[in-house]
Structures are given as structure tokens and as C-alpha cells.
Amino acid sequence: MEAAAVAAVLGFLVLAAAGGSAGDEAREAAAVRELLARLLGPGPAAAFSVSVQRSLAAESGLDTYRLSGGGAGARVRVLGSTGVAAAAGLHRYLRDFCGCHVAWSGSQLRLPEPLPAVPEELTEATPNRYRYYQNVCTHSYSFVWWDWARWERELDWMALNGINLALAWSGQEAIWQRVYLALGLTQSEIDEYFTGPAFLAWERMGNLHTWGGPLPRSWHLKQLYLQHRILDRMRSFGMIPVLPAFAGHVPKALTRVFPQINITQLGSWGHFNCSYSCSFLLAPEDPLFPVIGSLFLRELTKEFGTDHIYGADTFNEILPPSSEPSYLAAATASVYQAMITVDPDAVWLLQGWLFQHQPQFWGPAQVTAVLGAVPRGRLLILDLFAESQPVYLRTASFHGQPFIWCMLHNFGGNHGLFGALEAVNQGPAAARLFPNSTMVGTGMAPEGIGQNEVVYALMAELGWRKDPVADLEAWVTSFAARRYGVDSKETEVAWRLLLGSVYNCSGEACTGHNRSPLVRRPSLQMVTTVWYNRSAVFEAWRLLLAATPTLAKSPTFRYDLLDVTRQAAQELVSLYYTEARTAYLNKELVPLMRAAGILVYELLPALDGVLASDSRFLLGTWLEQARAVAVSETEALFYEQNGRYQLTLWGPEGNILDYANKQLAGLVAGYYAPRWELFMQMLVESLVQGRPFQQHHFEENAFQLEQSFVFSTQRYPSQPQGDTVDLAKKLFLKYYPRLVAGTL
């Protein structure tokens, strides 16, 4: 692709959502000032002057901020070309000049007095048009039970991290309900189609229907309310919300109203049978396709307005009914045509996961057919897993269509220390330098959030950097100092150990999905190998505990201490499991019983106790959030069961078992530990009785335990109990000497 053509593509996308009136500038500046007051309090916020001026970015057209002022008696002046740019500039000042830290787990906001002066006026422009955030799955794995207060905190975090493009997909089922009723479906047919709240992401992508549903009426009302507030706040910052569009999937009941409709039933997904998967895809040439697509988008934009970028995924982890390029081009074109029928300025945001997930289907001809079916510049691709398996490399930069280099990082919202920081650090700059690159942004696309915050801090910073961080060790050292508010030799060494181990994954094997034996249904074939030296985790654990006299009062330090303690316990589970398996295979009963007893009756209860000391690691918190959405006890039980299913069985028969595993107090004691106890008991019985271990028999019994947990109505604490530091020390003193002595 010629450089001029690339520039034209980028220019179009800049124009797609740029501009705005003086009124927009004033509104965005006011929104950032309000964010500042929420973050620091009204008094400290008064020391800052925040303004928005589009002309700051007139030459480049890219978001720009300028910092100046500060020092004794002088206000810090923050100027941005958009509200998001101003918020990012504010965050830069707090981070680099004040040593502050803003994160999901808590913030460290001790401001120096007076506020440090900006030595020389600092102007920074982002190297690309977009900083994207979210994955369709994030709405189910992390956002599903959120109220407005939680959304407000997230939107503030997004603005401070410079996010200017993000999904806004709440409330769409209420709009679809209006469309389906208008098309002649009954309410019961609509209810039968929608999944439950914890599984809506996959209904939206055409993978599932019905499972975990139906949606209560109150759900629609609350989600409409939330969507309006989310959109209002996003727009007040100058963010671009991505609304959903029609991808072609329809309820089967539509065949009752339109018997001649041309639909194809697709294959199953995720080990679900056709009761819950095998979605129905409307043929691109069917006259009803543009009718449904335009009806939905017209109703959606009438309710919510539009910023002209829409997301839709027709073949996400679904094999199309034909591999013929002509069919794939027609299916793609029909989605786009339905968009521009309602909004001539529409840009389609497409998750590029399909090309990565099923490369055996998506050969060069098939990829070219999809990418060529939409005018250049009107299809914006998310290279969703670019830190590990980038697609732009094998598609000639998506054949000229613009793309966003995304870090996926986390699957299922799992806990577990994990990252590929070197790949993340180098990836965006390499993509920009790729021959005839059409990269127009960077993005964070985790399936679940609230974990491994160092990874997201780096990725957010890279959205404003033209070059990689030169020294990651120095960067992670300063990250720790900001996070805790003080320099500490112990934490500095601990974080460098973590950087060189758990955060140093490389290659295509780095999936970001926690497969630790702790959170998997046990078997004798479990994989315990990891890409790092476990001793680095144990040493980091020791060093963090050594720093407690100085840092024990820091909330962010306590969170990290718990998280590393949790990781150490996860490693210990693998070691004791290996010991038990070896003893079983060697027919050594006493060593088997010793390892089993420690794992089940000492280690797992101790881990559950440590987790219980922090509200962010409580099963009760997750379940109470689900219950809080309800307007009746019946609804509360329904939402709670949806939440339990997602964490465990996922489907009625363990269809995607433990995919969304979490390490939460209550889940460890009430779900993982009973399963491990059963496994170890059956191993001992097998050895005593001299018969082979029967995995299928264990799995039948384990499934009964898993189902019992899902159907249980037991309430779990939603308030922390115990002291994190004391509990972490007790666990450390019990197991670390054994590690050192090699006597586990």
C-alpha cells in the first residue's frame, strides 16, 4: 500500500470523530476538573488549572497535552486538545512529578507540598489516533454486576490513562427486545433467546442463546439507565463510545413470523449442544437482513445518539457456513451496508480474533474477502492478541485496513501473576515500523480486569510513547516506588524478580490463562511446568514480607503482598500435587497421605484465610454484587446462580469448566478444596485396594460437588476478616523453611 493511501486512511479516521465546538471544549474541561475533585478532593484540586483547546493538536490532529506551572504559590496548568488528553496530562503530572499512582486496587495520592513545578513547558502528543479499551467478554467477566458508582471509577481510570475509544454495550438487549417485538416475536420467544447476565457477551457474538436466562424486566431498565450515564460521562471526557450493530445472528423464532426466511444454523460452540448454541445466521442476500440491521441501529441511535463507530462480530469462534470468498465478502458487506443505511458516516470496529483463533479456516483468500468487502478506512480492526500472536504480520497490515495493536493479556478474568512485558513494550513500535503499516492505535483488550496492574500501567503509558521503554527494570522500580509512595530496596528487588520471571513470558505459549492445578479439576495428568523459576516468586514473597515494617500501612502494598502470597500458595499446590502424584505412581502410601493431608487440610485452608483478609478476594463480594442488582429475592437467587456458574461449570455440564477460575475466599474453601479432598481420597483408596485410579469415576463424583456448589444458597462474607500481613507471615513461616531445606 502506498504511503499516500495509508495517510488517506489515517486522515479519514481522524476526521471520523474529531472536531467539536467551543461548548464541547468547555464541557470536557469541566468533566476533567470534576474528575480531579473526585480523585484528590476539592482543596487539592484547586491547585490545578485544567482547560481544553482543540487547536493544541491542530498540526498533528492527534491528542496532545501541555503541562506548565506549579511550584510555590503557582497553579499547575494542564491543557489538552480533548478532555481525555487533559486527563492523560494530569495523570502524567501526578505520576512523574508527584510520584502518585492510580490503579484498580487503590491509589497512592500523597501530594508533595508545594506541588512540584514543571521545569520547562512539557508538550506531548500521542503517536496514534486511538487508545482503545475493553473486550466484548469484559462486560461479562468483570462489568456484569457493576452499578453506577463502580462505572464512574472505571471511567475516571480510563480518562486518566488516556483511553479515547471503548465499547459501550450495556442496555442493548432492551433495544433488541423492542426490535423483536416490532418484528412480531412474542415476549416469551424473546425471553427464551437471551442468555443470563453472566453470559451475555457470547449471546452478543452469536456463540450462545438461552443459557442462564431469561433476563428479568428490571434488568433491561437498569441497564438502559446505566448506558445513558456511561455514554454521558464518556462523551463529557471526549471519549468515543463504540455502540453495537447487527452482525446477522437472529432468534430461531423469527422463522415462525417469516417462514420463508433464509437462515443457516451454524455449528456448536464451547462444548454446548444446540439447546444453547448452534446459532442461526441470516443469509446476507435475504431481504430481511437490511431491515433488521437498520431497525436495530435506528432504534439504538434514537435512544443513545451516536459517535459513528459500531462493533459487530459475525464469525467469532464460529466457522462460517462456507469458505467461499464470495460468500464471506457478501456476509461482511451486508453488515456494513445495514450500518451505513442508518449512519452514512459509520465505521465498523471488528475484533480480529477470528483470524487468529481459527487460522486453518482463515486462509489468505478468506481474510482478503472480509477485509476487502468494506471500503478502506471504514473497517477498523482490533489485532486483539498482538502481544503474543499478531495477525497484522501475516495479513500485510490487514491489507490496508486500519488496525489497533491490542494487548489481550488475560483470559477469563483469572488470578495469577502473568505478563509478557517485553513483548508488550516492543510490540507497538514494531507495528508502526512494519512496511506500509496501517496501525492507528494501541489497545488493552483483557477478557477480565482487576489483576496484574503493572501490565496495564505499562500498556497505558505506551499509548503515549513513540518508542519502547528503554529500561524495563528501571521502569518497574519506579512503578513500585509510586505504587507504595516510598523507595524500598526490598520491594525494588522483589519487583525486578517478578519482572524477570512471571512477567517475562515469551512466545505463542503465553496465553494468559491460569492453568494451575489449584484451580483445575484434578487428574494424574495435570501439567505443572511454568515458564519461570518458581524460586523467584518465593524470593519476591520473602522480600515483600521483609518490607512490611515500613509499608504495612500502604493499601496498595498490602494488596500486592496478598497477591504474591496467593501466587506462592498456587506454586506450593503444584509442588505438593507433584509429590502426591509421584508417591501414588511409586505406590508409596505414607508419602501420598502426607502430601495430600498438607495440601487439603493445611495449605488450602491457609490460602482461603489469607484471601479472606481483603474484600477484593472475596467470593461474597462477587455474589453480593450480583444480588444487589435484583429487585426481589427470586431475582437475587437467579443472579447469584449465574455468577456461581460462570466461575465454575460455566455451562450446565461443565462445558467450559473452570475457564473463569478465580482465587477467592469461599471459592477456595467451598469449591476447590472439596474437589481436591475427593481426588486425594480416591487416590488413597486406589492404592490401598490395589486397583487403577478411575478418572472417569472421580469426574462423575467431582461433577456432583461442582453442581452442589452452584446450586447452593450459602452466603459468604462480603467484609474482610483477619490481617493480611499477619496471615501472610504465618503461611510464609510454615512453608518457606521447607522450601529452603528441600523438605516439602
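Predicted model: local features only at pLDDT ≥ 70, side-chain atom pairs only at ≥ 80, totals over all residues.

I started with arginine 235, which is partly exposed at 22% relative accessibility.

I then checked how the two side chains meet: arginine 235 and aspartate 307 form a salt bridge, 2.8 Å from N to O. Arginine 235 sits in helix H10, while aspartate 307 is in the loop between helix H12 (288-304) and strand S11 (309-311).

Next entry: helix H6. Which residue does glutamate 152 form a salt bridge with? I found arginine 233, with the closest N and O atoms 3.0 Å apart. Glutamate 152 lies in H6 and arginine 233 in H10, so this pair ties together parts that are 81 residues apart in sequence. Both glutamate 152 and arginine 233 are buried.

I also looked at a pair inside H6 (residues 148-160): glutamate 154 and arginine 150 are four residues apart there, about one turn of the helix. They form a salt bridge, the closest N and O atoms being 3.1 Å apart. Buried or exposed, I asked of glutamate 154? It is buried, at 0% relative accessible area. Arginine 150 counts as buried too, at 16%.

For the whole structure I got 40 salt bridges. Shared partners join Arg92, Arg95, Asp96, Glu124, Glu461, Arg465 and Lys466 into one network.

Then the barrel. I traced eight strands closing up in the order S5-S6-S7-S11-S12-S13-S14-S15, with parallel pairing. The twist from one strand to the next averages 30°. H10 turned up again here: helix H10 (residues 217-237) packs on the sheet, touching S6 (165-167) and S7 (240-244). Its direction makes about 145° with that of S7. Zooming in on one strand pair, I counted four bridges between S12 (residues 347-351) and S13 (residues 379-383). Leucine 350 stands opposite isoleucine 381 in S13.

Last entry: two helices. The axes of H23 (residues 555-585) and H29 (residues 724-741) come within 10 Å and cross at roughly 35°. The crossing is left-handed. Among the residues making the contact are Leu561, Leu562 and Tyr576 of H23, and Val725, Leu731 and Tyr735 of H29. I sorted the contact residues into ten nonpolar, two polar and two charged.

Key:
Residues numbered from 1 in each chain as written. Heavy atoms only, no water. Axes fitted to C-alpha atoms, helices over the stretch in contact; angles between N-to-C directions. Left-handed = near helix turned anticlockwise from the far one by under 90°. Contact = heavy atoms within 4.5 Å. Nonpolar A, V, L, I, M, F, W, Y, C, P; charged D, E, K, R; others polar. Pairing = 2+ DSSP bridges. Salt bridge = Lys/Arg side-chain N within 4 Å of Asp/Glu carboxyl O. Buried < 20%, exposed > 50% of the residue type's maximum accessible area, 1.4 Å probe, protein only.
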